[in-house]
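The following paragraphs lead the reader through a single protein model. Please keep the sequence and the three-dimensional view at hand while reading.

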Amino acid sequence: MQAPGKPSTVPLNVVLIGFMGCGKSTLGPRLAEKLRFRFVDTDNLVVRRAGRSIPAIFAAEGEAGFRKRESAVLDELLAGKGRMVVATGGGIVTVPENIPKLKRLGCVIWLDTPEAAIWERVSRNQERPLLRTENPRETVRTLLEARRPLYRAAADIESDSSDLTPDEAAYGLAECARMHFAGWRPAENG
Ligand code: S3P
């Protein structure tokens with residue numbers, strides 16, 4: 001244990017990763033409230049810094065422009081202080097350098113929501129530029145398949161809370177995060 005008063009070297013934020021529609025923006029604020037952390041959403045920060053919406057960024061700068069802005073926001077958060085729950089955009093893991101940065105930022109929780117539930121949620125909202133394709137159902141399947149290994153590589157904890165209410169899920173995630181911060185690991189003979 002660190003001497004009292006000495007700053008901790010362990011990253012103390014919670015970072016939510018996962019595919020579009022997996023529940024990051026719904027669970028994030030609830031989890032932040034339970035942990036008494038600040039809630040931050042990388043998509044919102046990108047929009048604020050750019051002064052335009054996500055579809056407008058994609059239209060003017062392409063996906064590459066959006067990714068640059070998203071990575072810059074991640075750097076900004078790494079330089080920040082205070083404890084946060086950070087909800088990230090679903091594609092943040094597609095920039096390889098972002099994965100170690102996410103890990104440095106905090107305890108990374110992958111909301112591994114089943115594909116059917118994801119589709120059910122994202123098909124209600126037309127705001128996501130990457131899903132404006134001829135066959136968005138197929139796009140979800142392909143993107144999810146490509147990204148699963150990236151989410152897995154970044155995650156400290158994987159969670160499927162699709163059968164729980166948001167409050168139940170946030171309660172469970174808060175406990176997982178606390179165990180992580182306490183240095184929890186499975187006992188070798190446990
Ligand atoms: C994206 C996910 C979106 C947003 C952008 C790109 C992606 O965020 O960052 O449209 O590549 O999966 P959500 O995961 O919050 O929908």
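A residue is called buried when its relative accessible area is under 20%, exposed when it is over 50%, and partly exposed in between, with a 1.4 Å probe and protein chains only. The model is a predicted one, in which local features need pLDDT of at least 70 and side-chain atom pairs count only at pLDDT 80 or more, while totals for chains, interfaces and linings use all residues. Residues are numbered from 1 along each chain as its sequence is written, and side-chain values use heavy atoms, with hydrogens and water left out.

Helices (H or I, at least four residues) and strands (E, at least two) are DSSP runs, numbered from the N terminus. Helix α3 covers residues 54-79. Although α3 has 26 residues, its end C-alpha atoms are only 24 Å apart, short of the 38 Å that a straight helix would reach at 1.5 Å a residue; the expected span is 1.5 Å times one less than the number of residues. Where does α3 bend? The bend, of about 115°, is at E61, and this angle is taken between axes fitted to the seven residues ending at a position and the seven starting there.

Several residues of α3 are buried, among them I54, P55, F58, F66, S71, L74 and L77. The elements that cover the buried residues of α3 include strands β2 (38-41) and β3 (84-87), together with helices α2 (42-50), α4 and α6 (136-154). Contact here means heavy atoms within 4.5 Å. P55, in helix α3, has a relative accessible area of 17% and is buried. Not counting residues up to four places away in sequence, P55 touches E127, P129 and R132. S71, also placed in helix α3, counts as buried at 13% relative accessibility. Leaving aside neighbours within four places in sequence, S71 is in contact with V95 and N98.

D75 is partly exposed at 36% relative accessibility, whereas K101 is buried, with a relative accessible area of 18%. K101 also gives a reference point for P55: the two are 46 residues apart in sequence and 25 Å apart in space, C-alpha to C-alpha.

A further salt bridge is formed by R30 and D167, with the closest N and O atoms 3.9 Å apart. R30 lies in helix α1 (residues 24-35) and D167 in helix α7 (residues 166-181), so the pair ties together parts that are 137 residues apart in sequence. R30 is partly exposed, with a relative accessible area of 31%, and D167 is partly exposed at 44%. E120 and R124 form another salt bridge, in which the closest N and O atoms are 3.1 Å apart. E120 is partly exposed at 44%, while R124 is exposed at 59%.

Attention now turns to open space in the model. On a 1 Å grid over the protein atoms alone, a pocket is an open set of points with protein on both sides within 12 Å along at least five of seven lines, and a lining residue has an atom within 4 Å of a point; the points are ones where a 1.4 Å probe fits. Grid points are joined across faces, edges and corners, and a volume is the space filled by probe spheres set on the points. The largest pocket holds about 660 Å³ of space. Of its 33 lining residues, the closest to its centre are M20, G21, D43, I54 and R128. Which helix supplies the largest share of the lining? Helix α3 does, with six residues. Helices α1, α2, α3 and α5 (115-122) each supply at least two residues of this lining.

Two exposed residues complete the account. R36, in the loop between α1 and β2, has a positive phi of about 60° although R36 is not a glycine, and R36 is exposed at 78% relative accessibility. W184, found in the segment after α7, counts as exposed at 52%. W184 and P136 are 48 residues apart in sequence and 40 Å apart in space, C-alpha to C-alpha.

Key. Salt bridge = Lys/Arg side-chain N within 4 Å of Asp/Glu carboxyl O.
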